[in-house]
Amino acid sequence: MLTVGPAERSSQRLLGALELLEKRIYQLEHTPTPPLHESASPRQAAATPASPNGGPPRTATLDTAAAPEAVRIAMLLGKGQSLLNLEQADEALSCFDQALTLEPNHAEALVKKGAALERLRKPDEAIACYDQAIAADGSMTLAYLYKGGLFNRMERFG
């Protein structure tokens, strides 16, 4: 029987909580909730998306050249996360690498790749991915949290 120390249990709980938080944030960010404007009918309000800052409605534009690539990246990230959840880190890493070939500085893909590398016990490579994600998007809180958690587990408190 393998005993797990309190530090490892704490780290596992932290990672579990981070994953749940990440899923919830993703759900909130991708759930459209356009406000109904008093002057518009419900049908018009539903057909016209609101601006992200809650201002007046904006016109929907679609970059047809970028859309397929963005969809492919999203699919690869979803597949990779599912594989990671199933403890198939090697296969997940392959998905994240494919997404990064499409967009090399995709912060979310870099964070997920770092998580896969952690599971494969490659902490230095994982830290490099987190650093690259932070460089690509300094507001990517998850990259900081994952990097901090990894440093904590490695007992690199400095």
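What share of the contacts in the protein chain with a separation of 6 or more is accounted for by residues 24 or more positions apart? The share is 44%, where contact means heavy atoms within 4.5 Å. Before we walk through the chain, a word on what you are looking at. This is a predicted model, in which local features need pLDDT of at least 70 and side-chain atom pairs count only at pLDDT 80 or more, while totals for chains, interfaces and linings use all residues. Residues are numbered from 1 along each chain as its sequence is written, and side-chain values use heavy atoms, with hydrogens and water left out.

Let's start with the overall plan. The protein chain has seven helices and zero strands, so reading from the N terminus gives α-α-α-α-α-α-α, with helices (H or I, at least four residues) and strands (E, at least two) taken as DSSP runs and numbered from the N terminus. Of the 158 residues in the chain, 29% are buried. Here buried means under 20% relative accessible area, exposed means over 50%, and partly exposed lies in between (1.4 Å probe, protein chains only). The accessible surface of the chain comes to about 10,700 Å², and 57% of that belongs to carbon and sulfur atoms. Such areas come from the Shrake-Rupley method with a 1.4 Å probe, and for residues only the protein chains shown count as cover.

Now find helix 5, residues 107–119. With 13 residues at 1.5 Å a residue, helix 5 should span 18 Å, and its end C-alpha atoms are 19 Å apart, which agrees. The expected span of a helix is 1.5 Å times one less than its number of residues.

Leaving aside neighbours within four places in sequence, Q81 is in contact with F96 and K112. Q81 is buried, with a relative accessible area of 15%.

R121 sits in the loop between helix 5 and helix 6, and its phi is near 60°, a positive value in a residue other than glycine. Most residues other than glycine have a negative phi. R121 is also exposed, with a relative accessible area of 74%.

Next comes helix 6, which covers residues 123–136. Its 14 residues reach 20 Å from the first C-alpha to the last, close to the 20 Å expected at 1.5 Å a residue. Which residues of helix 6 are buried? They are A126, I127, C129, Y130, A133 and I134. Seen down the axis of helix 6, these buried residues fall within an arc of 160°, so they line one face of the helix. The arc is that of the directions from the helix axis to the C-beta atoms. The face of helix 6 turned away from its buried side carries the exposed residues D124 and A135. What covers the buried residues of helix 6 includes helix 5 and helix 7 (141–153).

K147 is in helix 7 and touches I127, Y130, D131 and I134, not counting residues up to four places away in sequence. The side chain of K147 also makes a polar contact with the side chain of D131 (2.4 Å). A polar contact is a pair of N or O atoms within 3.5 Å; within protein, one must be able to donate a hydrogen and the other to accept it, and residues adjacent in sequence count only if both atoms are side-chain atoms. F151 is found in helix 7 too, and apart from neighbours within four places in sequence, F151 is in contact with I127 and R156. The C-alpha atoms of F151 and I127, 24 residues apart along the chain, are separated by 8.6 Å.

After helix 7 you reach the segment that holds E155. Phi of E155 is near 60°, a positive value in a residue other than glycine, and E155 is exposed, with a relative accessible area of 59%.

Finally, a look at cysteines. The structure holds zero disulfides, a disulfide being a pair of cysteine sulfur atoms within 2.5 Å. C95 is buried, with a relative accessible area of 3%, and C129 counts as buried at 6%.
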